[in-house]
Amino acid sequence: MTTEAIFAPSPENSRAFRDALGRFATGVTVVTIFTDEGPMGITANSFAAVSLDPPLVLWSPARSSSRFDRFAGAGHFAIHVLGAEQSDLCARFTRGGVGFEDLEIGYTAEGVPLLPGALARFECKRHAIHEGGDHAIVVGLVERAALREGAPLLFAQGQFGRFSPGP
């Protein structure tokens, strides 16, 4: 029988808390905005549906990110849910990634950059922003959405992978 470790999250055991959170597999997204410096994107797994009516979603940028102010302050943004085959697109928008370099993109009517081939996409207008500790909680009103068939790219226990349905 497996034993469980019970603890109260604290700075001293932040690794254990991160490991516990990592037991929850999440999808992988890239959030895009347009800034005075041009298009900007960031890989994020902190995405969730909030409401069907009105259509609301959320994501949570880290305050420690050098791009935090631009993302938290964006009036419009797009959240791209990545497919299992899009780990290269995911890597483009992590720290040190090449971003939009040599990538053909489209734009929304509001000027938000759109990535090619996403499994799903939510084009949003910022609805609300809330405090969330070392992150902010950005709620978007979905103005347009798109989807295609395919399997999602997943992130769990510090690794990327794919969903494998059971029997």
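Helices (H or I, at least four residues) and strands (E, at least two) are DSSP runs, numbered from the N terminus. The model is predicted: local features need pLDDT of at least 70, side-chain atom pairs count only at pLDDT 80 or more, and totals for chains, interfaces and linings use all residues. Residues are numbered from 1 along each chain as its sequence is written, and side-chain values use heavy atoms, with hydrogens and water left out.

Strands of a sheet pair through backbone hydrogen bonds, either parallel or antiparallel. Two strands count as paired if DSSP finds at least two bridges between them.

Leu58 stands opposite Val139 in β10.

Ser60 lies in the loop between β5 (56-59) and α2 (68-73). Its relative accessibility is 15%, so Ser60 counts as buried. Buried means under 20% relative accessible area, exposed over 50%, and partly exposed in between (1.4 Å probe, protein chains only). The side chain of Ser60 reaches the backbone oxygen of Ala136 at 3.4 Å. Ser60 also touches Ser46, His135, Ala136 and Ile137, leaving aside residues up to four places away in sequence. Contact here means heavy atoms within 4.5 Å.

A pair of aromatic rings is described by the distance of the centres and the angle of the planes. Rings of Phe, Tyr and Trp (its six-membered ring) pair if their centres lie within 6.5 Å; planes under 30 degrees apart are stacked, over 60 edge-to-face, and the rest tilted. This rule gives five aromatic pairs. One of them joins Phe93 and Phe100, with centres 4.9 Å apart and planes at 70°, so the pair is edge-to-face. Phe93 is buried, at 2% relative accessible area. Phe100 is buried as well, at 14%. Phe155 and Phe160 form a tilted pair, 5.0 Å centre to centre, with 50° between the planes. Phe155 is partly exposed at 24%, and Phe160 is partly exposed at 45%.

How values were computed. A polar contact is a pair of N or O atoms within 3.5 Å; within protein, one must be able to donate a hydrogen and the other to accept it, and residues adjacent in sequence count only if both atoms are side-chain atoms.
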